[in-house]
Amino acid sequence: MATFPSIAPTYGQRKKSKPLTRTIRFADGYEHRILFGLAQHQNPKEFSFTFEVSKTDADTIDTFLDARANDSDSFTFTPPDESSSSQFVCESWTKSIPYNNRATIQATFREVFEPAS
């Protein structure tokens, strides 16, 4: 498994939790919710990051994400303010160059649960 380059995102990322629940609603208004999946995999996270970095660092990130898109592999990443690393995929990202030798990459990392290879 590949590890994301040691380039920190700009402060202000978003973290989205999306618990895997199934809800059954009955005609009388009663509702029953159950968690779906293995206990440690029931609440995957999604992070939205902005990297405002040098053009060189942006090229490094872009090349890394392109390689993951080509080999369909996840990567290891430790989000800021999180205590441990997890496996993520990045299905889309944008790169803009607003100034000379500066670039901005916006990316969404979705947590995945896979066996270690």
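Tutor: Helices (H or I, at least four residues) and strands (E, at least two) are DSSP runs, numbered from the N terminus. By that convention, Asp62 has its place in helix α1, and Thr63 is in helix α1 as well. The model is a predicted one, in which local features need pLDDT of at least 70, side-chain atom pairs count only at pLDDT 80 or more, and totals for chains, interfaces and linings use all residues. Residues are numbered from 1 along each chain as its sequence is written, and side-chain values use heavy atoms, with hydrogens and water left out.

Student: What does the radius of gyration of the protein chain come to?

Tutor: The radius of gyration is taken over C-alpha atoms, and the globule rule is 2.2 Å times the number of residues to the power 0.38. For a compact globule of 117 residues the value would be near 13 Å, whereas the protein chain has 18 Å. The C-alpha trace spans about 65 × 35 × 25 Å along its principal axes.

Student: How is burial read, and what percentage of the residues in the protein chain is buried?

Tutor: A residue is buried under 20% relative accessible area, exposed over 50%, and partly exposed in between (1.4 Å probe, protein chains only). Of the 117 residues in the protein chain, 31% are buried. Thr63 is exposed, with a relative accessible area of 54%. Ile34 and Ser17 are partly exposed, Ile34 with a relative accessible area of 38% and Ser17 at 40% relative accessibility.

Student: Which residues of the largest nonpolar core touch the most other members?

Tutor: A nonpolar core is a set of buried Ala, Val, Leu, Ile, Met, Phe, Trp, Tyr and Cys residues joined through side-chain atoms within 4.5 Å. The largest core has 19 residues, of which Phe4, Phe51, Ile61, Leu65, Phe75, Phe77 and Phe109 touch the most other members. At least two residues of this core come from each of β5 (45–54), α1 (55–71), β6 (75–77) and β9 (102–112).

Student: How is a contact read, and which residues does Leu65 touch?

Tutor: Contact means heavy atoms within 4.5 Å. Not counting residues up to four places away in sequence, Leu65 touches Phe4, Phe75, Cys90 and Trp93. With neighbours within four places likewise left aside, Asp62 is in contact with Trp93, Lys95 and Ile105. For the protein chain, residues 24 or more positions apart account for 63% of the contacts with a separation of 6 or more.

Student: How far apart in space are Asp62 and Ser86?

Tutor: Asp62 and Ser86 are 24 residues apart in sequence, and 20 Å separates them in space, C-alpha to C-alpha. For Thr63 and Arg14, the separation is 49 residues in sequence and 23 Å in space, again C-alpha to C-alpha.

Student: Which loop holds Asp81, and what is its phi?

Tutor: Asp81 lies in the loop between β6 and β7 (86–89). Its phi is positive, about 65°, although Asp81 is not a glycine. Asp81 also counts as exposed, at 76% relative accessibility. Asn101, in the loop between β8 (93–99) and β9, has a phi near 65°, a positive value in a residue other than glycine.
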